[in-house]
Amino acid sequence: MSVADVISGGGLGRRLRWTDALRNPLGTACHHAYGSPVLAVVYHAVCDTVPDHLKHIYRPRTPKEFTEDLDFLLKHFEPTDLPTVTGAALGGPEIRRPSLLVTFDDGMREVAEVAMPILRRKGIRPALYLNLNFLDNRTLFYRHKASLLAERLSRLAEADPRRAVCAATLARAGAVAADPAAGVMKVSWHQRAVLDEIATVLEFDTAGFLADEKPYLTRDEIADLMAEGVSIGAHGFDHPNHRLLTPEQRKEEVTGSVAGIRELFGPGCGSFAFPYSDEGLPEALFGELYGDGVDVTFGTSWPRRGGPQRRIQRICFENGPAPAKQQLVKRLLRGGAGNMKRALAG
Ligand SMILES: [Zn+2]
């Protein structure tokens, strides 16, 4: 095994040549690290002013930052799309050149309104991963609700009695933090009913918010995006953390939502992006899913040594303001060091 194989996790993807490395060092390093010439990236929204329902979860790119990310990535990768990536993973034409797949999770309206004009100019056809329950603004993602409540709690006066009521409610659910605004962000998917209790205390009207703000894309808007080459995949029904689900719930969440998305948007929509991460899920699950109609799956963890080509990992740049270049290089160094450590350990 060569040093490059050790760093990459070994035996992943097609054999790379030194000429590749000389021509495009970053693209070649990513190919080694991810075991694929495709660098898949995931965003949620692009906006100048971060709305309250996203503010306490992650830091979306501004249009300027998003443009700069893409300008950098397109210097090293050529744009590809989901059908091409899925086709290659299923044994179709091989992708040979370093390629970029842009994806968005959760079906936020900022994708159509802010990100798409930028993507169009760059010739990028992204893939959108949608939650069936959020589509058409029917229900509010519990994390978005938590962020809205955290924002309201952070604006309450110190002496406001509602702070203590909310803190006690959160403590009952085990979501303890220095202040209730931080505590509300600790509420897990299993405890999400607690958010409705907090919403009642704070007189937050969930249905009114959905009707007024319309944070999610509608089916008609998605149909328009598909007409210009945007791909669609499933992100589950209501965004649970799969590590908290039973094997049966996990399988139903994936295959059921893929079937639902296919029914709405066509048979080609057979991929699934795991909410949060696919890290720590049983290896056997993936074989079962691929045998049950799921084309490919996406996670956000570091690629496993010898993992199936249909299990693709993505990198997220919304953890902070650092540009894609800086985050990507840091990730490659950290992942390569991890692979080296695991190889030396055994
Ligand atoms: Zn998500």
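Modeller: Among contacts in the chain between residues at least 6 apart in sequence, 69% join residues at least 24 apart; two residues are in contact if their C-beta atoms, placed from the backbone, lie within 7 Å. The model is predicted: local features need pLDDT of at least 70 and side-chain atom pairs count only at pLDDT 80 or more, whereas totals for chains, interfaces and linings use all residues. Residue numbers start from 1 along each chain, as its sequence is written.

The chain has 16 helices and 8 strands, which are DSSP runs numbered from the N terminus (helices: H or I, at least four residues; strands: E, at least two). Its radius of gyration is 21 Å, close to the 20 Å that the globule rule gives for 346 residues, so the chain is as compact as a globular protein of that length. That radius is taken over C-alpha atoms, and the globule rule is 2.2 Å times the number of residues to the power 0.38. Along the principal axes, the C-alpha atoms fill a box of roughly 65 × 50 × 40 Å. Of the 346 residues, 39% count as buried. A residue is buried if 20 or more other C-beta atoms lie within 10 Å of its own, exposed if 12 or fewer, and partly exposed in between, with C-beta atoms placed from the backbone.

In the contact between them, 10 residues of domain 1 meet 11 residues of domain 2. The side of domain 1 that touches domain 2 has 4 nonpolar, 4 polar and 2 charged residues. Here Ala, Val, Leu, Ile, Met, Phe, Trp, Tyr, Cys and Pro count as nonpolar, Asp, Glu, Lys and Arg as charged, and the others, Gly among them, as polar.

The core itself can now be placed. A nonpolar core is a set of buried Ala, Val, Leu, Ile, Met, Phe, Trp, Tyr and Cys residues joined through C-beta atoms within 7 Å. The largest has 78 residues, and those touching the most other members are L39, L101, L128, L149 and V184. This core lies between domain 1 and domain 2, because both give residues to it. Beyond its neighbours within four places in sequence, V184 is in contact with A146, L149, A150, L153, L170, A175 and I198.

In helix 3 (residues 25–34), 8 of the 10 residues are buried, namely G27, T28, A29, C30, H31, H32, A33 and Y34. G35 follows helix 3 with a positive phi, near 70 degrees. Helix 12 (residues 206–213) is hardly covered, with 0 buried among its 8 residues.

Most residues other than glycine have a negative phi. K214 lies in the loop between helix 12 and helix 13 (219–227), and it counts as partly exposed because 13 C-beta neighbours are inside 10 Å. Y276, in the loop between strand 6 (272–273) and helix 15 (283–290), likewise has a positive phi, near 65 degrees, in a residue other than glycine. With 17 C-beta neighbours inside 10 Å, Y276 counts as partly exposed.

Two further partly exposed positions lie in helices. K55, in helix 4 (residues 52–55), has 16 other C-beta atoms within 10 Å and is therefore partly exposed. Leaving aside neighbours within four places in sequence, K55 is in contact with V50, S147 and E151. The C-alpha atoms of K55 and R310, 255 residues apart along the chain, are separated by 33 Å. M116, in helix 7 (residues 109–122), is partly exposed, with 19 other C-beta atoms within 10 Å. M116 and V46 are 70 residues apart in sequence and 9.5 Å apart in space, C-alpha to C-alpha.

Definitions and conventions
Domain bounds come from an automatic or database domain assignment.
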